[in-house]
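Thank you all for coming. I would like to take a few minutes to walk through a structure that may be new to you, so please have a look at it before I go on.

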Amino acid sequence: AQVSGAIYNIQLLEESHKRAIQLESAAEIARDISGSLNLDELLNNAVTMIQERFSFYHAAIFLVDHLQHYAVIREATGEAGAQLKRNGFRLGVGSNSPVGYVSGHGEALTIDNTETEPTYQENPLLPNTRAETAIPLKIGERILGVLDVHSNEPYAFSQEIIQTLNIIADQLAVGINNTELFAETQEHLSQHRLIHHITTSAASGTTLEEALNGAVQGLQVTLGGDRVAILLANNKQEKLTVGAAIGYSEEDIAEINIPFGSGITGWVARNKKLLRIDDAPTDSRYFAVSANTRSELAIPLIFRSELLGVLNVESEQEAAYDEHDEEMLGTLAGSLAAIIANARLLQQVRRRAERDRTLHDITSKIRSSTNVQTILSTTATELNKAIGAQHTQVKVGVEHNSETEGTN
C-alpha cells in the first residue's frame, strides 16, 4: 500500500510538473505572439515552439482565404512543412479532412488513432502521423484559420493538452487579427500617400493628356499592376471615350466609344453611381474589353454635378476590390474630376487667348495695308493660315446705281 501510494504520488507530481511546463510554454508562446506585428515571424515562432515544447511530430497553421473557399497552409515545421508551403498546399473549407472540417464548422476535431479511422487520408509527406488535432483560430464567429498538430503516437492528445492548445489558438487568433489590422493600417497610409502623390503629379501636368496619363500610371502602381482607364464623357453625344489607359493592348482600346448605359462604365455614366463587380463575366451589364478580367470597379468623375468621365479599374482576380478600394478611389475620383475641370478651363482660356492674339495679328496686318486689293488679299491669306483652311474666298458686294447704269 505504501509503495502504491508512493508511485501514485510520483505519477501525480510528474503530471503536475508536465502540466506546469505546458502552461508555462503556452504563456511563453502567448507572450511571443502578443509582441509581434509581423505575421510571418509570428506564425513561424508559434509552430516552432509548439512542436519543440510539446515534442510533437508536426505543427502547421492554415489561414482561410478571403473568398472562404480554401484553408491554405501558411506556416509549418520541418522539411515536410517547407515542401507543403512550396506546393501551396490547401484544403477546401468544409472538406473531408480535419483541417477542412474545422475551417468549415469552427469546432475542434481530434483523431486519436489514424490507423483505426476509416475516413482518414494520410499525407505522404507525413507518413508517421498516428494522431492529429485541429483547432480553429477564431475571432468571434469569424474563422481565420486552423492550428493543425500531428503526433507520431496514438492517443497523444489528452484533454489537458487540447485545453492548452486551445489557449494558444485563441492567442494566435488575436495575434493574427492584430497583424492584419496593423498591415491594413500601414497599407492605407501608404496608399493615401500614393494617392496624394498621384493627385499632385496630375495637377502639375501642363496639359489634360499629361495629367490623365500621370494619374493612370501612378494608380496602376498603387493597385499592384491592375488595368486602369480614365474615360472622358461627351454629354451631348452621350458617350465615353478613352482619355488615358494603362494595362490594355492598343487593340483593346482603339477607337473605343461607349454609349451611356452600355456596359459597366456606361451604366456608371448613365446613373452617376459607383459600381463594383466581383465576378464580371457573370454580370449582364459586362462586355469584355480584356479577355481575362474577373472583377471591375468603376467610379463616376463628377464636378459640380456635371459628369466629366468614369475612372475604371480591372483585375484578373475575382473579388479583387473591397469597400476600402471604393473609399480610396472615390477620393481620387473627386480630385481627378476637379483636375479635369480645371484643365478644360485652362484649355479654353488658352484657346481664347490664342484666338485673340491671332485676331490682333490679322487686324494689324490688314490695317497696315494701303489699298482695297491688298486688304482683301491679306485677309484671305491670314484667315487661311489661322483656321487651317484649304481655300478662303472674300466676296465684295457692290451697290448698283440705276441712274449711273442708264447713262453708261
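I will begin with the protein as a whole, then turn to one strand and its neighbours, and end with the aromatic rings.

Please keep in mind that what you see is a predicted model. The protein has eleven helices and twelve strands, and of its 408 residues 38% count as buried. Its accessible surface comes to about 23,100 Å², and 49% of that surface belongs to carbon and sulfur atoms. If we take the contacts between residues at least 6 apart in sequence, 53% of them join residues that are at least 24 apart.

Let me now move to strand 5, which covers residues 131–139 and is mostly covered, with seven of its nine residues buried. On one hand, strand 4, residues 109–111, is joined to strand 5 by three bridges, and the two run antiparallel; here Ile-111 stands opposite Glu-132. On the other hand, strand 5 pairs with strand 6, residues 142–151, over nine bridges, again in the antiparallel sense, and in this pairing Pro-136 stands opposite Val-146. Strands 5 and 6 form a hairpin with two residues between the strands, where Gly-140 takes a positive phi near 65 degrees.

That brings me to the aromatic rings. How many aromatic pairs does the structure hold? There are three. In one of them, the ring centres of Phe-56 and Phe-157 are 5.2 Å apart and the planes stand at 35 degrees, so this pair is tilted. The two residues are 101 apart in the chain, with Phe-56 in the loop between helix 2 and strand 1 and Phe-157 in the loop between strand 6 and helix 5. Phe-56 is buried, at a relative accessible area of 8%, and Phe-157 is buried as well, at 6%.

Another pair is made by Phe-62 and Phe-89, whose ring centres are 6.2 Å apart with planes at 65 degrees, so that this one counts as edge-to-face. Phe-62 belongs to strand 1, while Phe-89, 27 residues away, sits in the loop between helix 3 and strand 3. Phe-62 is buried, with a relative accessible area of 3%, whereas Phe-89 is partly exposed, with 25%.

Methods: Residues numbered from 1 in each chain as written. Predicted model: local features only at pLDDT ≥ 70, side-chain atom pairs only at ≥ 80, totals over all residues. Heavy atoms only, no water. Buried < 20%, exposed > 50% of the residue type's maximum accessible area, 1.4 Å probe, protein only. Helix = DSSP H or I, 4+ residues; strand = E, 2+ residues; numbered from the N terminus. Pairing = 2+ DSSP bridges. Contact = heavy atoms within 4.5 Å. Areas by Shrake-Rupley, 256 points an atom, 1.4 Å probe, with all protein chains shown as cover. Phe/Tyr/Trp six-rings, centres within 6.5 Å; stacked < 30°, edge-to-face > 60°.
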